[in-house]
Amino acid sequence: MEATSDPIEFLQQEIAPTRRLLLNNSLYRSIQSMADLRRFMEHHVFAVWDFMSLLKALQGGLTCVQVPWVPTANSAMRRLINEIVLEEESDVDPAGHATSHFELYVRAMDECGADTGPIRRLVAAVAAGDTVERALEAARVPESVREFVLTTFNIIRVGRPHAVAAAFTFGREDLIPDMFRQLVDDLSTRFPGQLDTFTYYLNRHIELDEDVHAPLARQMVRELCADDPERWLEAQQVVVRCLEARMALWDGVKLGKTRPALA
């Protein structure tokens, strides 16, 4: 592959081998039954949940969410973040009612009989003031889920906006369309008419992330890293860490096929 002078393209080239491993993961082909799908959702919902904290960390760092309000430096960045927040936190469901993508996912889990107990326990624990670590204990999650979520929150806690933006962009928004497209095509054929909310969720993410969110997010990384080589290197390292954490999460789903469903 020829080298490129564009830092975004260079970053994409550097993470491409790890990204390919993730997109070619055998997990997608292993979802053969409704039980397999339930197990996948019971793990994946924690990634849907912690994604919102990545987004909120960016909103907190790049816009003003305090009172009294003052304008932050980059108005284009403010608009970018707020547009993504609008659609992730208050999108519309199939009936046109406002909902977050997380709540839509949990609804899809209820519809197909997946166990929402662990994720509800985690959210309740966080709402009650517990740390993420203690909330994960309360939820009694598998180790792969725990490590995935803690990877996300470790990136957030370091508090470097360009690193959070890289995780958000190349660990999520730029990745999700290719990852979800594999699922939605197969599920629509395998379970016609049985997974309407989940199929809507997947298609909605493909549409928004591919056409709107990912291009905006790549521009955000470009502006935050600017011409600082150290920031670009850190962004690359963070993305690889996120992709590896996702592969470990998928390995946990596959391992769960030989174990009982989450308690």
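A definition to start: pLDDT is the predictor's confidence in each residue, on a scale from 0 to 100. I need it here, as this is a predicted model.

**Entry 1, confidence.** I looked up the chain average and found a pLDDT of 90, with 96% of the residues scoring at least 70. Which helix has the lowest confidence, and which the highest? Helix H10 (residues 176–190) is lowest at a mean of 81, while helix H6 (residues 117–127) is highest at 98. I also noted residues 258–263, where the pLDDT is below 50. Beyond near neighbours in sequence, that stretch has 10 contacts in the model.

I then turned to helix H5 (residues 101–112) and helix H11 (residues 196–225), whose axes come within 8 Å and cross at roughly 150°. Angles over 145 degrees count as roughly antiparallel, so H5 and H11 are roughly antiparallel to each other. On the H5 side I listed His101, Leu104, Tyr105, Arg107, Ala108 and Glu111. They meet H11 residues including Phe198, Tyr201, Arg204 and Leu208. I sorted the residues of this contact into 7 nonpolar, 3 polar and 3 charged.

How far apart are the axes of H9 and H11? I read 9 Å for helix H9 (residues 161–173) and H11, at an angle of about 155°. That makes H9 roughly antiparallel to H11 as well. Their crossing is left-handed. Among the contact residues I wrote down Pro161, Ala165, Phe168 and Glu173 of H9, and Asp209, Ala214, Met220 and Leu224 of H11. By class, I have 11 nonpolar, 3 polar and 3 charged residues for H9 with H11.

Notes
Residues are numbered from 1 along each chain as its sequence is written. This is a predicted model: local features need pLDDT of at least 70, side-chain atom pairs count only at pLDDT 80 or more; totals for chains, interfaces and linings use all residues. Side-chain values use heavy atoms; hydrogens and water are left out. Axes are lines fitted to C-alpha atoms, for helices over the stretch in contact, and angles run from 0 to 180 degrees between N-to-C directions. Helices (H or I, at least four residues) and strands (E, at least two) are DSSP runs, numbered from the N terminus. Angles under 35 degrees count as roughly parallel, over 145 as roughly antiparallel, 65 to 115 as roughly perpendicular and the rest as oblique. Contact means heavy atoms within 4.5 Å. Ala, Val, Leu, Ile, Met, Phe, Trp, Tyr, Cys and Pro count as nonpolar, Asp, Glu, Lys and Arg as charged, and the others, Gly among them, as polar. A crossing is left-handed if the near helix is turned anticlockwise from the far one by less than a right angle, and right-handed if clockwise.
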